[in-house]
Structure formats: structure tokens, C-alpha cells
Amino acid sequence: MSVYGDFTGKMEVMGTHLAFNIHILPNGEMQLDVPIQGATGIPLQGASLDGNTVKFIMPGSVSSDCEGIYNPDDDSIEGSFVSGLSGSFSLQRYEPELPKERVDKYYTEEDVTVSIAGDATLSGTLTIPNVPQIGCIVLIPGSGQHTRDEEVFGMKTFEIIAHSLSNEGICVLRCDERGVGKSTGVKGENTTYTAAQDWFACVNYLHSREDLHNDVGLLGHSEGSMIACYLAVENPEHVKYVISMGGPSVPMDQIMLKQKEHIIRSLTNDEESVKKGIEENQMIFSAIRTGDPSWDTVRSTLRESIAKSLEDQEGISDEAIDITVDGHMTSITSNWMKTVIDFNPRPLIKAMKCPSLCLLAAKDSQVLLEQNLPSWEESNSEVMVYENANHLFREAKTGLPDEYQSCPKEFVDGFLEKLIGWIKALQ
């Protein structure tokens with residue numbers, strides 16, 4: 001059996017486990033997905049195959065050379081970090097599970113290129129129905145660095161949506177984000193606002209195609225929902241409708257604080273830990289907005305907190321702790337973080353004039369139902385809640401991110417049918 005293909009598993013670094021996927025392409029190149037970070041299709045440097053030996057460099061604050069051995073008997077790869085961080089990894093081949101609807105295909109796929117600011121381009125897939133067209137839609141992913149399929153733990157979220165909609169007459173455009181996959185531009189420099197301009201370029205592209213239906217809607221997942229609402233308010237003549245999939249309805253700093261509280265409470269009943277976690281986030285927000293406290297103070301506080309959380313782990317060096325802190329600092333000082341914490345989708349939701357559908361999940365641990373449902377219900381949007389779904393709209397027990405790997409790789413019952421039926425009802 002060949003080593004080429006898709007593998008999923010976990011790495012263990014500094015006493016913690018992180019799920020990831022590796023895609024080994026026929027040309028020997030390799031790509032990395034870290035779903036919990038929203039990162040997909042990241043090219044791996046130093047990729048090489050020598051017999052059954054697989055080598056690549058794991059990116060991060062400190063790059064690490066990784067080496068694994070492919071076992072054809074059980075179709076797995078076991079390996080370790082041979083430089084940089086100390087760790088190991090275990091991977092098993094997987095085939096992305098797609099629902100039965102994926103079998104029949106009544107559309108054609110076209111590779112497209114959309115010009116965006118900075119002399120860059122988005123590379124995408126346009127699915128054009130072979131049945132009569134009833135409109136077009138652009139799919140906008142959430143935060144992180146996504147390829148066009150928004151694949152998370154083996155499920156190609158946007159490919160499945162595109163397939164289902166195009167089989168019913170809806171033309172769908174999905175693209176790799178700026179600097180990701182086959183798209184050009186600088187990866188990781190986008191803010192919510194600059195990303196919005198990229199996706200608006202996709203709307204204009206569809207309007208420029210004389211062979212396509214002129215009505216263009218938007219479907220946004222998570223942060224993508226905020227972008228969709230923003231574009232609908234700023235460009236009402238270009239956006240026919242909006243579908244929000246797990247979209248926030250309150251200011252993003254409130255979303256992040258509630259996320260932090262929810263996850264800490266899932267791990268401990270210690271109110272002091274909850275309080276401290278919230279205060280750390282508030283400290284970060286203050287440093288971004290006012291410069292007080294200083295970033296040196298933020299770093300010192302985070303280091304103390306991270307060191308305490310790892311004190312029960314054997315063999316954790318000061319260097320390893322510093323590497324973890326570096327990763328946090330890179331994230332919280334990014335241009336995206338500096339702008340997103342003050343993004344408030346509530347006025348946009350109320351200001352939208354076009355038809356809109358809000359889909360929420362009762363077990364969402366990232367955009368919590370009790371925090372976000374009220375503002376959506378006060379808007380003109382139609383609202384539907386899926387009781388046993390997580391942020392990915394997959395069936396869940398707890399809804400926490402550490403469950404994403406094991407939850408079914410298909411949408412909850414009725415999800416796709418609702419999308420199709422609602423869009424058709426607009427015609």
C-alpha cells in the first residue's frame with residue numbers, strides 16, 4: 001500500500017495533545033491541518049519520502065524536524081520530533097466521510113481565479129448546476145486559515161454544502177483564503193475588514209459572469225457570518241440574502257470572554273480559576289486598546305499562568321514554557337486580534353434589509369447559544385436552533401473542541417434540507 005494520501009491523528013508536545021492531519025500528495029509535497037486552530041492546507045517545509053520514512057518540519061514559534069515510519073500493515077505513521085520541541089506523533093489513514101447526497105452529481109466544477117487587492121488572487125471552485133439555475137452563493141469560512149473546503153477533522157464542510165446546493169440549482173463559489181492553498185497574497189495578515197473585501201471581490205466576480213444567475217447570496221460560518229452581514233449592509237444592492245451558520249451577534253470581546261469562561265468551567269469547578277482566566281483576557285484587551293499594561297507585563301502574567309498549568313507535567317523545561325508563551329503572544333498581538341475584539345455584529349444584524357437565516361447550535365462552545373440567541377431573535381432574521389449540534393453543526397455530546405475529532409463527519413439531520421428549502425423559497 002502506498003504512503004500517499006490523508007492521515008489523521010495526534011501529536012503529544014510538552015504533555016499536551018493536539019489533533020492534526022497530514023496530506024501526502026502524489027508529487028511528494030505535504031500539507032498540514034490543525035483544525036482546532038482553524039488552519040488547513042498549510043504547506044510543510046522539508047517534506048521528503050525515503051522508502052517508508054516520512055520527514056517534514058512542523059511549523060511554530062520554534063520549528064521542529066519530524067520523522068516518522070509508515071507501517072503498511074496497519075496503514076499508520078508513528079514518529080517523533082527529532083529537533084526543536086520534544087514530542088511524538090501518531091497518524092492513521094482516513095477517508096473523508098461524505099453524506100449519501102454526495103453520490104449523485106448534477107453540476108459541473110470549474111476552477112476559477114478571483115483578483116483581490118495587493119495584486120493577489122483567490123483560487124476557487126465554482127459549481128455550476130446542470131439543472132436550471134436559481135441563484136448564486138459565496139461561502140465564507142470562519143477565523144483561521146482555510147482552504148476552499150473548510151475541512152475540519154476529515155469533513156469537508158463547504159464541499160458538502162456546495163454539492164448539496166448545486167444539485168438543487170444553486171451556483172456555489174468557494175475559495176482558498178488569501179495566502180492559503182492555491183491563493184496568493186500574504187497569509188495571516190488579514191483582518192475581518194480586509195477579508196471582507198476579498199469576499200466581496202468574489203461577489204463581484206459572480207456578478208460579472210453573464211452565464212450565471214444575477215442573484216448572489218452569502219453563507220458565512222462563525223466569523224464568516226459577521227463578514228456576510230457586514231457586506232450585506234455596506235453593499236445592499238449586491239447581496240440578495242445572508243445565511244449565518246453559527247454566527248456571533250454580540251461584540252467579539254464578549255464572545256471571547258464567554259468562550260474562556262465556558263471552557264474553564266468544563267475543566268474545573270474552581271471559581272478562582274474562572275475569575276483568573278477572564279481577568280487575563282481582559283488584561284489582553286486593555287493592552288491592545290490602551291497599551292496599559294505593557295506587553296512585557298502581559299507576557300510575564302501569561303508565563304506565570306502557563307507555568308502553573310504545566311507544573312504537574314514531568315520534563316517540562318523553561319524553554320518549552322517560553323515557546324508556548326511565544327505562540328500566545330504572536331496570536332494576541334496580531335493585526336486580526338487588534339481589530340476583531342472591537343467588532344460588533346449586533347448593529348449589522350439589525351440593519352440588514354435583505355432576507356436572512358440564522359442557524360445556531362445548542363451545544364456550540366465557541367458561539368454560545370444563550371449569549372447570541374437573543375440578538376438574533378430581535379432581528380428580522382429567521383432563526384433555527386439545532387439541539388444536539390456543535391459549532392460545526394455535527395452531532396455532539398458536549399460540544400467542546402476536544403470532541404470534534406470523534407463526532408460524526410456529517411451534518412445533523414435536517415441541516416442541508418433547511419439550507420436548500422430556505423433558498424428555494426426566496427425565488
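Valine 239 sits in the loop between helix H3 (223-234) and strand S17 (242-245). The model is predicted. Is valine 239 buried or exposed? Its relative accessible area is 5%, so valine 239 is buried. Leaving aside residues up to four places away in sequence, valine 239 touches Val216, Leu218, Leu231, Ala232 and Cys354. Cysteine 229 is ten residues from valine 239 along the chain, and their C-alpha atoms are 9.6 Å apart.

Now to the charged side chains. How many salt bridges does a search of the whole structure find? The search finds 19.

| Pair | N to O distance |
|---|---|
| Lysine 424 and glutamate 168 | 2.6 Å |
| Arginine 178 and aspartate 198 | 2.8 Å |
| Aspartate 342 and arginine 289 | 2.6 Å |

Take lysine 424 and glutamate 168, which form a salt bridge. This pair links distant parts of the chain, 256 residues apart. Lysine 424 is in helix H11, and glutamate 168 is in the loop between helix H1 (157-166) and strand S15 (171-175). Lysine 424 is partly exposed at 37% relative accessibility. Glutamate 168 is partly exposed at 33%.

Arginine 178 and aspartate 198 also form a salt bridge. Aspartate 198 belongs to helix H2, and arginine 178 to the loop between S15 and helix H2 (192-208). Arginine 178 counts as buried at 16% relative accessibility. Aspartate 198 is buried at 2%.

Salt bridges also link Lys258, Glu261, Arg265 and Glu271 in a network.

On the surface, Glu395, Glu410, Asp413 and Glu417 gather in a patch of negative charge. Glutamate 395 lies in the loop between strand S19 (382-386) and helix H11 (415-426).

Key. Residues numbered from 1 in each chain as written. Predicted model: local features only at pLDDT ≥ 70, side-chain atom pairs only at ≥ 80, totals over all residues. Heavy atoms only, no water. Helix = DSSP H or I, 4+ residues; strand = E, 2+ residues; numbered from the N terminus. Buried < 20%, exposed > 50% of the residue type's maximum accessible area, 1.4 Å probe, protein only. Contact = heavy atoms within 4.5 Å. Patch = residues over 30% accessible without salt bridge, like charges linked within 9 Å, V, L, I, M, F, W, Y side chains within 5 Å. Areas by Shrake-Rupley, 256 points an atom, 1.4 Å probe, with all protein chains shown as cover. Salt bridge = Lys/Arg side-chain N within 4 Å of Asp/Glu carboxyl O. Lys, Arg positive; Asp, Glu negative; His and termini not counted. Charge placed at Lys NZ, Arg CZ, Asp CG, Glu CD.
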